[in-house]
Amino acid sequence: MFDELTQKLDKVFRRLRGMGILSETNIHNALRDVRRVLLESDVNLKVARDFLARVQERAVGQEVIGSVSPAQQVIKIIFDEMVELLGGESARLLVSPRPPTVYMVVGLQGSGKTTFCAKLGLHLKTKGRRPLLVAADLQRPAAQEQLEILAESIGVTVFREKANRAPDACEAAMDYARRNSLDPVIIDTAGRLHIDQVLMAELEEIQQRLSPAEILFVADSMTGQDAVNSAKAFYDKLQFSGAILTKLDGDARGGAALSIRAVTQQPIKFISTGEKLDALEVFHPSRMASRILGKGDVVSLVEKAQEAIDQEEAEKLEQKLRKREFDFEDFLSQLRQLKKMGPLAGMLEMIPGMAGRLKDVKVDEGALRRIEAIILSMTLEERRNPKVLNGSRRRRIARGSGTRVQDINRLVEQYQQMRRMLKNFKGGGPGMLRRMMKAP
Amino acid sequence: MGIFSRIKKGFSKTREALSEKMGAVFKPGRKIDDELLAELEEVLLSSDVGWETTDELLSRLKDAAKEDRGKTEPEELMRQVIASLLGEAEAATEPADNNEKPRVILVVGVNGTGKTTTIGKLAHYYRQQNKNVMLVAGDTFRAAAIEQLKIWAERTGCQMVSSMHGADAAAVVYDGFESAINRGMDYLIADTAGRLHTKSNLMKELEKVARVLKKKRETAPHEVLLVLDATTGQNGLVQAKEFTRAIPITGLVLTKIDGTAKGGILLSISRTLNVPVKFVGFGEGLDDLAVFDADTFAAGLLGDKETLESS
């Protein structure tokens with residue numbers, strides 16, 4: 001699927017290679033194919049549309065970089081944007097200030113709530129907690145027995161009472177947890193359709209009576225377009241604080257993850273990846289994004305694209321250096337590159353002939369941000385032709401970047417020192433700088 | 001309550017959700033043009049029909065419209081197109097020999113689609129027809145699956161054969177088959193463990209179940225029903241394909257259609273695999289199962305109130 005997508009995009013962009021910028025028309029055409037892929041992965045139609053509008057916005061006007069195909073360039077934007085939408089970082093479970101912490105597990109029938117409860121119980125037990133599993137599914141035949149058997153197999157206490165109403169059973173479970181100092185309390189509720197008013201009201205009652213630290217919405221990764229409707233309905237009623245995606249050991253792409261995230265803004269906290277009770281993993285947005293887009297190796301492809309983009313910039317810089325055109329713009333872009341690559345001092349030391357000659361150009365990581373701010377406060381003319389930097393300009397730049405005039409003076413001095421150095425520094429042959437930057 | 005009025009009940013939510021959209025697409029007096037097709041495409045895609053089948057349906061609609069020369073309302077044409085696509089699958093499957101007793105129905109599917117609940121309803125359905133039904137607890141994997149089936153057996157007054165948790169599923173089903181033959185049952189309905197179609201060892205287990213049944217009688221299992229959750233997206237087609245590779249599916253059961261999901265993926269499945277939809281499930285009660293009817297489904301998908309109310 002992903003290879004197919006890459007090929008399709010390559011076709012769309014072929015004429016573009018090596019010239020011009022990504023235009024609205026050709027990106028639009030390309031994104032139509034991407035939309036198909038997203039729909040095949042069960043991303044909701046509307047969510048996909050909004051998502052691609054954002055991608056388009058970011059992509060239009062970007063310069064086409066010669067050494068990376070425009071298709072790869074666009075895919076990188078799609079990937080980055082998707083990771084961001086999926087939540088960037090992995091989220092953690094919340095804990096109540098007053099124990100026991102309650103985790104309430106809700107969802108549609110057959111999404112995998114009971115199994116997830118047991119998995120969560122085991123997960124917390126291995127972290128040294130003493131969880132209590134509460135069998136509050138009084139609807140499905142033998143649901144309580146199921147939780148009981150699972151709890152027994154992992155050595156976690158289970159609370160089960162022949163109550164008539166789930167909220168009463170939950171309250172009794174809380175007493176039990178307090179008496180036996182069990183914490184946290186994990187509540188397995190009955191599966192229900194989001195349009196079932198009576199059962200949804202029951203969940204609300206449990207929420208009000210127990211004030212859970214987290215309400216976790218369990219969703220089947222095979223869910224299609226309807227994921228937005230059920231997630232939204234559950235969210236509107238309960239404001240759940242996190243989602244769980246189950247059955248990811250199958251081959252469903254899991255576009256539902258994107259849909260759920262988009263309509264509720266709540267993080268996906270765990271994914272469930274197998275029948276064994278230890279098959280629970282923390283959610284990783286980037287892995288999910290590559291899954292939705294097609295294959296596992298999309299990440300490496302994206303990395304390759306990034307590397308190519310970096311190389312491209314390095315090559316440009318190298319050419320400028322040869323022509324002695326090195327200005328603050330280049331300085332800025334080089335700083336940013338270096339920032340990505342780790343400690344700056346180490347980098348500079350690696351430049352042949354420069355070791356030990358840059359004592360005055362000591363730049364710590366924190367100063368990088370300041371330098372960036374200073375350069376960003378310069379006009380384009382000032383960046384390209386630093387000779388114009390007179391006193392009044394320097395004062396303005398200092399004010400704009402929140403620094404002092406001395407800082408500006410020092411930076412200009414460093415820049416000039418660097419230029420002088422580069423004049424003396426000849427060669428290494430073509431690609432020298434690129435190779436240098438590729439070194440760790 | 002008749003079968004159709006029960007389907008109607010099941011589809012009512014779907015209808016409410018969709019009829020608004022469809023109503024907008026098929027406003028009276030509209031012609032089948034690019035604009036209408038684009039809107040229709042949207043409705044179908046957001047019902048999980050999937051790209052390929054949506055393209056197919058739209059091109060069939062265009063052809064039908066050309067031939068029809070504006071005599072029929074676009075909405076009615078679309079309904080016909082959907083129903084005919086579903087009907088083709090039905091026509092392609094030969095009805096199995098009905099006289100043999102017991103008829104063995106094997107119920108399969110991925111985890112959490114509602115296999116056990118469907119078996120309870122199926123048992124009730126046949127019990128209503130005064131048939132002798134036996135259940136066999138072939139799900140020996142999931143905790144308390146046997147207990148769950150047992151409760152359904154008690155509710156429906158069926159006999160049940162089971163073994164212990166962790167026992168060999170094929171052996172249990174085989175025992176059930178023998179016992180059903182000996183006791184002159186009309187139907188034997190076998191539960192199986194939910195399994196993701198990507199787990200090859202579990203799919204092999206299913207092959208084995210079919211093999212041991214065949215050892216007893218070449219004609220068994222007479223029916224293999226794949227239970228599919230109506231909320232399932234495009235993976236439903238992959239599931240159906242993979243299950244068919246392990247064990248030929250004779251019919252689909254679409255469950256949980258009382259939610260807002262439309263179950264559009266079954267159009268893709270019956271188109272690609274020529275497997276008819278046999279039943280639909282819509283609730284947790286014994287009666288919440290109905291024989292699938294292509295016209296009613298198409299009407300439900302399109303929000304056609306007249307067909308639904310007259311049936």
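This is a predicted model: local features need pLDDT of at least 70, side-chain atom pairs count only at pLDDT 80 or more; totals for chains, interfaces and linings use all residues.
View 1. Strand S2 of chain A, residues 132-136, is joined to S3(A) by three bridges, and the two strands run parallel. In general, strands of a sheet pair through backbone hydrogen bonds, in either a parallel or an antiparallel manner.

**View 2. The open sheet of chain A.** Eight strands make up this sheet, in the order S3-S2-S4-S1-S5-S6-S7-S8, and their pairing is mixed. Strand S3 (157-159) and strand S8 (280-282) of chain A form the edges, each pairing on one side only. From one strand to the next, the twist averages 25°.

**View 3. Helices H8 and H9 of chain A against the sheet.** Helix H8 of chain A, residues 197-210, packs on the sheet and touches strand S1 (102-107), strand S4 (185-189) and strand S5 (214-220) of chain A. The direction of H8 makes about 170° with that of S1(A). Helix H9 of chain A, residues 227-238, lies across S1 and S5 of chain A and runs at about 170° to S5(A).

**View 4. The interface of chain A and chain B.** The contact involves 34 residues from chain A and 41 residues from chain B. About 3200 Å² is buried between the two chains, with carbon and sulfur atoms giving 56% of this area.

**View 5. A salt bridge between the chains.** Arg35(A) forms a salt bridge with Glu41(B), and their closest N and O atoms are 3.4 Å apart. On the side of chain A that touches chain B, the elements giving two or more residues are helix H2 (24-40), helix H3 (45-59) and helix H6 (143-154) of chain A. The residues of that side comprise 11 nonpolar, 11 polar and 12 charged. Four salt bridges are counted between chain A and chain B.

How values were computed: Residues are numbered from 1 along each chain as its sequence is written. Chains are lettered from A and ligands numbered from 1 in the order in which they are written. Side-chain values use heavy atoms; hydrogens and water are left out. Contact means heavy atoms within 4.5 Å. Buried area is the accessible area (1.4 Å probe) that two parts lose on being put together, summed over both. A salt bridge is a side-chain nitrogen of Lys or Arg within 4 Å of a carboxyl oxygen of Asp or Glu. Helices (H or I, at least four residues) and strands (E, at least two) are DSSP runs, numbered from the N terminus. Ala, Val, Leu, Ile, Met, Phe, Trp, Tyr, Cys and Pro count as nonpolar, Asp, Glu, Lys and Arg as charged, and the others, Gly among them, as polar. Two strands pair if DSSP finds at least two bridges between them. Axes are lines fitted to C-alpha atoms, for helices over the stretch in contact, and angles run from 0 to 180 degrees between N-to-C directions.
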